[in-house]
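Morning, everyone. Please put the model up on the screen, and I will walk you through it.

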Amino acid sequence: MRRTRNILMSEMAGFLLIALRIIVLFETGMVEPGGWFDCGNAVFVSAFVMEMITISFIPLALYLFKIRRIARYLTADPAAAPSRLLWLGTLRMMMLCVPLVLDTLFYYQFGLDVSFGYMAIILFLCLFMIYPSLGRCLYETTDNTQKP
């Protein structure tokens with residue numbers, strides 16, 4: 001289980017480092033912001049698509065392990081639980097981290113459009129709710145529905 005936790009933690013840290021690198025590159029002036037500002041309707045379409053992705057992925061990612069079928073899948077076989085948790089945990093992490101990185105990039109490329117910045121901040125805060133601690137990993141792979 002520690003290996004699974006470490007992999008999930010490294011995925012989260014990797015995506016946060018990518019977003020941090022994007023921020024550092026643009027804020028230090030190494031890359032000039034606003035590169036895609038004059039792309040017609042691209043700002044509108046990108047904002048709409050990213051808003052829909054963010055609005056749909058946040059509840060799904062936060063509620064994913066509470067869905068009965070997935071909860072049963074995670075707790076059915078204790079021997080396979082770490083690999084199943086790794087697969088579903090990675091999916092859950094990608095549902096928040098990929099839009100986070102894209103929103104961060106779009107924030108700078110579309111001329112500091114605040115809607116992308118706000119979505120990136122919201123996604124970043126949601127990462128704390130799925131932080132893969134060892135206790136959470138163990139809790140999500142054990143059957144907690146039975147009463148003593």
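In the protein chain, take the contacts with a separation of 6 or more; residues 24 or more positions apart account for 79% of them. Contact here means heavy atoms within 4.5 Å. A word on the source: this is a predicted model, where local features need pLDDT of at least 70, side-chain atom pairs count only at pLDDT 80 or more, and totals for chains, interfaces and linings use all residues. Residues are numbered from 1 along each chain as its sequence is written, and side-chain values use heavy atoms, with hydrogens and water left out.

Now the overall layout. The protein chain has 6 helices and 0 strands. Helices are DSSP runs of H or I with at least four residues, strands are runs of E with at least two, and both are numbered from the N terminus. The C-alpha atoms fill a box of roughly 60 × 25 × 20 Å along the principal axes. Of the 148 residues in the chain, 35% are buried. Buried means under 20% relative accessible area, exposed means over 50%, and partly exposed is in between, with a 1.4 Å probe and protein chains only.

Next, the cores. A nonpolar core is a set of buried Ala, Val, Leu, Ile, Met, Phe, Trp, Tyr and Cys residues joined through side-chain atoms within 4.5 Å. The largest one has 21 residues, and Met93, Leu96 and Leu127 have the most contacts inside it. Which helix gives the most to this core? Helix 4 does, with 8 residues. Leu127 touches Met12, Leu16, Met93, Leu96, Cys97 and Leu100, leaving aside residues up to four places away in sequence. There is also a second, separate core of 7 residues, including Leu64 and Phe65.

On to helix 2. It has 22 residues. Among its buried residues are Met50, Thr54 and Ile58. The buried residues of helix 2 pack against helix 4 and helix 5. Where is the kink in helix 2? Look at Phe57, shortly before the proline Pro59: the kink there is about 25°. That bend is the angle between axes fitted to the seven residues ending at a position and the seven starting there.

Now a loop residue. Ile130 is found between helix 5 and helix 6. Is Ile130 buried or exposed? Buried, with a relative accessible area of 3%. Its contacts include Met12, Ala61, Met93 and Arg136.

Last, the rings. Rings of Phe, Tyr and Trp (its six-membered ring) pair if their centres lie within 6.5 Å; planes under 30 degrees apart count as stacked, over 60 as edge-to-face and the rest as tilted. By this rule the count is 6 aromatic pairs. Why is the pair of Tyr107 and Tyr108 edge-to-face? Because their planes stand at 80°, with the centres 4.9 Å apart. Tyr107 is partly exposed at 23% relative accessibility, whereas Tyr108 is buried at 5%. Phe124 and Phe128 are edge-to-face too, 5.3 Å centre to centre and 80° between the planes. Phe128 is exposed at 55%.

Arg84 lies over the face of Tyr73, 4.3 Å from the ring centre. Arg92 lies over the face of Phe65, also at 4.3 Å. A charge sits over a ring if NZ of Lys or CZ of Arg is within 6 Å of the ring centre and within 35 degrees of the ring normal.

Terms used. Expected span 1.5 Å × (residues − 1).
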